[in-house]
Amino acid sequence: MFQTVIMSLNEGFLKTLEIFFLTLLGALPLGLIISFGSMSRFRPVKWFVKTIVWVVRGTPLMLQLLIIFYGPGKIFGTQFNIWGTGDIGRNVAVCVAFIINYACYFSEIYRGGIESIPRGQYEAGQVLGMTKSQVFFKVILMQVVKRIIPPMSNEIITLVKDTSLARIILVYEIIWAGQSFIKSSGAIWPLFFTGIYYLLFNGLLTVVFGYIEKKLDYYRG
Amino acid sequence: MTCLEIKNITKKFGDTKVLRGISFEMEKGEVIAIIGSSGSGKTTLLRCINFLEKCDTGSITVNGTEIYNAEKRDQYSDNYIRKSRLNFGMVFQSFNLFPQYDVLKNITLAPELMQIKRKMPDTEKKNIRRQIKEEAYELLKTVGLSEKAGAYPCELSGGQQQRVAIARALAMKPQILCFDEPTSALDPELTGEVLKAIKSLRDAGRTMIVVTHEMEFAKNVADRVIYMSDGIIEEIGTPQQIFSDAQSEKTRAFLQKSNYEF
């Protein structure tokens, strides 16, 4: 029994990890782009982006998952069901929803970090003849990274746990894997046991972030 | 030879006229000190010269070439402004070193970004890097910080940081070096080393504009002194003229308030 449970949970956890890493891969750069939008000096862009961030942060991720997955097909007719009927479509839909959702949260963290860098840093780069992008990537970004590690680690640990929402559109992640044993054999411990997976993985992430923070601790400011 | 010609620069922030028509010329190798009380527009003037602000009227001419004219301000591309800036170096009151880089990298970063192109063969890149590094060590020597090349800004005193900032500005080989109150953020016992560094630059023939509250320094180091008040040049002249024989009542009042003994 134990072995069957572990095998099953491992399978679910693999999906959890897949959602987690794909979301990070998409949301980290997308968040930066969104943060530029929300700091844009061109008002329409700024307000458009701010509205999107408001909507995405203002509604539950679970609802967003449902809308993104069922929306196209149910609203515009089955021929618009871009996700198809297979597992692949579900997985893609989950990633799309997670990436958009997390990119919006990340964008605000980036914005806070970028705006916390003193103007003198930009000006110092400018008077040395650097281009705007050189100033950003060579002078500002590293300082931003250092400042946003703590809030980022918070958000990323939340992401690990939020992946459990994917089951709402029938993606077989670890909570579902654990819960299925209640039906099949009446055992509830597999569901409780999933907590160990989350704890261990988040423990690992905490160590990694601690390491990065320490790595960046060689300078102050 | 006239190196810099400033003509009728004005600058408003909202309704506040910070600069109300500034004109002066300076010769190559000359050192001009700008003195005046807070809010008189000294810093804004320097920032306009460095294009950190765009002045509303007026023009800036370097070595006979007009590089900026406010009438054409909308026509200048970012790239043009960026290149024009390289005529000037700027040393800030608060140093503004890049905290994540060591002293050497602070100095070499901008020259490397400027000179190294992505498509260059690796050997050429290496040569340029080596040369920039050698020059950086040379500059560190002139500001007396050779042994600090590997230190991070947070490990340095304010005076040392400011001397690194001077070396960093020099690395871009500007024609004219501008200082915005370079010692105002320093503890009194640290101002001496920075002023000494600036003095040695004068002895090496650098063209410099120094906004300062150090009257003694302005008197001893500058070739000419500008006293600014309410956004205009109240008086300009040799240190002798300004400090011993000021014509303007305002200048005399300012110097007296600054506890300057005639």
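Chain A and chain B meet through 20 residues of chain A and 21 residues of chain B; contact here means C-beta atoms, placed from the backbone, within 7 Å. On the chain A side, helix H5 (119-127) and helix H6 (132-162) each give two or more residues. Helices (H or I, at least four residues) and strands (E, at least two) are DSSP runs, numbered from the N terminus. The chain A side divides into eight nonpolar, eight polar and four charged residues. In this count, Ala, Val, Leu, Ile, Met, Phe, Trp, Tyr, Cys and Pro are nonpolar, Asp, Glu, Lys and Arg are charged, and the others, Gly among them, are polar.

The model is predicted: local features need pLDDT of at least 70, side-chain atom pairs count only at pLDDT 80 or more, and totals for chains, interfaces and linings use all residues. Residues are numbered from 1 along each chain as its sequence is written, while chains are lettered from A and ligands numbered from 1 in the order in which they are written.

Take chain A next. It has eight helices and zero strands. Its C-alpha trace spans about 70 × 45 × 25 Å along the principal axes. Of its 221 residues, 30% are buried. Buried means 20 or more other C-beta atoms within 10 Å of the residue's own, exposed means 12 or fewer, and partly exposed lies in between, with C-beta atoms placed from the backbone. Among chain A contacts with a separation of 6 or more, 72% join residues 24 or more positions apart.

Chain B is divided into domain 1 (1-87 + 176-191 + 206-262) and domain 2 (96-173). These bounds come from an automatic or database domain assignment. The centres of the two domains of chain B, taken over C-alpha atoms, are 27 Å apart. Seven residues of domain 1 of chain B are in contact with six residues of domain 2 of chain B. The domain 1 side comprises six nonpolar residues, no polar ones and one charged.

Now the sheets of chain B. One is an open sheet of four strands, in the order E2-E1-E4-E5, with antiparallel pairing. Two strands pair if DSSP finds at least two bridges between them. Strand E2 (16-27) and strand E5 (65-69) of chain B each have a single partner strand, so one side of each has no neighbour in the sheet. Neighbouring strands are turned by 20° against each other on average, direction ignored. Axes are lines fitted to C-alpha atoms, for helices over the stretch in contact, and angles run from 0 to 180 degrees between N-to-C directions. Inside this sheet, strand E1 (residues 2-13) and strand E4 (residues 57-62) of chain B run antiparallel, joined by five bridges. B:Glu5 stands opposite B:Thr61 in E4(B). Helix H1 (residues 42-49) of chain B packs on the sheet and touches E1, E2 and E4 of chain B. The direction of this helix makes about 65° with that of E2(B).

The other is an open sheet of six strands in chain B, ordered E6-E7-E8-E3-E9-E10, with mixed pairing. Its edge strands are E6 (88-91) and E10 (232-237) of chain B, each pairing on one side only. The twist averages 20° from one strand to the next. E6(B) and strand E7 (residues 176-180) of chain B pair in the parallel sense over four bridges. There, B:Val91 has B:Phe179 in E7(B) as its bridge partner.

What lies inside? The largest nonpolar core has 77 residues, and B:Ala33, B:Ala167, B:Cys178 and B:Val210 have the most contacts inside it. Such a core is a set of buried Ala, Val, Leu, Ile, Met, Phe, Trp, Tyr and Cys residues joined through C-beta atoms within 7 Å. Helix H5 (residues 158-170) of chain B gives the most to this core, with six residues. The core draws at least three residues from each of domain 1 and domain 2 of chain B. Apart from it lies another core of 30 residues, among them A:Ile68, A:Trp83, A:Val144 and A:Ala166. Beyond its neighbours within four places in sequence, B:Cys178 is in contact with residues including B:Leu46, B:Ile49, B:Phe88 and B:Val91.

Two loop residues close the tour. Most residues other than glycine have a negative phi. B:Glu181 has a positive phi, near 45°. B:Glu181 is in the loop between E7 and helix H6 (188-203) of chain B, and is buried, with 21 other C-beta atoms within 10 Å. B:Asp230 also has a positive phi, of about 50°. B:Asp230 is in the loop between strand E9 (224-229) and E10 of chain B, and is partly exposed, with 15 other C-beta atoms within 10 Å.

Terms used
Contact = placed C-beta atoms within 7 Å.
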